[in-house]
Amino acid sequence: MTLSDHRQLILKILCSTPDTRASELSLRTGLPITSSIAPNELVLVYEQTGLELRNSEDKPGTGVKVETKWLRHAMKRGLEHLRGDPLARALNAGNAKLTVIDATAGLGGDSLLFAALGHQVTAIERNIAVWALLDDGLQMLRSDPELSEIAARITLHLADARDYITQNKTSPDVIYIDPMFPPKRRASALPPLELQRLRSVVGEDLDAAGLLEVARAHATHRVVVKRPNDGKPLADGVLGSHQGKTVHYDIYRKG
Ligand SMILES: C[S@@+](CC[C@H](N)C(=O)[O-])C[C@H]1O[C@@H](n2cnc3c(N)ncnc32)[C@H](O)[C@@H]1O
């Protein structure tokens, strides 16, 4: 799924009474506004809890959105314990604060983990609907006294990461890649329903190996790739892996 072909999907913005935020979102994304959801349509809709993505069967408030409960919970426990997370260990940061490009930002869960660890994150998402959800989620977090400092470490861009990295000639310490896994493999942090919805707007990230090649040419420290435990490495040259319950993180040296 690329920036240019998102309009082929039946994706709309749901808004039954005039709403400035919905009109602005329609202008920014090019998505049409509708006042009702047809079966097999997906809509972006502003609820009190923020922007969410849902279909005609989902109840208001139950759609896919940026999830921050885990982060609030982690803050209560003390963020230090996040250093033990396999993804945190895969960065090999020691006590350093790194610059990280999250090249496949999705709903921002991993970007938030990096930012909670104190790293400076450039989050890149190419799918217009997913970008809109994450943009709204980050805006809400920036005005949340508890989480604003963490959210302020994340800068979001709507772009294909291959283009962004090559055009900006950027050299971050780490580039992180988490492409959409093949279907029927539930090796994701996202619950199955969220994964389904996300997959229905994003499709398969079949070009992930090309992204890895670009990432290896630009990261100064390492590239980290999330894989399902039953999946093959994205490319040869894995230096080592950090094991999680259902996924692992492959490390690649800069190319
Ligand atoms: C499995 S999801 C990532 C989930 C994310 N790690 C999280 O914590 O929510 C993959 C996302 O990467 C995006 N993506 C894939 N390839 C991309 C690329 N080359 N540039 C930008 N975004 C990309 C997809 O649109 C999709 O939203």
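Predicted model: local features only at pLDDT ≥ 70, side-chain atom pairs only at ≥ 80, totals over all residues.

Reply: Residues are numbered from 1 along each chain as its sequence is written, and side-chain values use heavy atoms, with hydrogens and water left out.

Me: In what order do the seven strands lie in the open sheet?

Reply: Strands of a sheet pair through backbone hydrogen bonds, either parallel or antiparallel. Here the order is S7-S6-S5-S8-S9-S11-S10, with mixed pairing. Strands are DSSP runs (E, at least two residues; helices are H or I, at least four) numbered from the N terminus, and two of them pair if DSSP finds at least two bridges between them. Strand S7 (154-158) and strand S10 (240-243) are the edges, each pairing on one side only.

Me: Which strands does S8 pair with in the parallel sense?

Reply: S8 (residues 174-177) is joined to S5 (residues 99-102) by three parallel bridges, and to S9 by four, also parallel. Tyrosine 176 in S8 stands opposite aspartate 102 and opposite valine 224 in S9.

Me: Which way do the side chains of S8 point?

Reply: In a regular strand the side chains alternate between the two faces of the sheet. Val174 and Tyr176 point one way from S8, Ile175 and Ile177 the other, and all are buried (under 20% relative accessible area, 1.4 Å probe, protein chains only).

Key:
Buried < 20%, exposed > 50% of the residue type's maximum accessible area, 1.4 Å probe, protein only.
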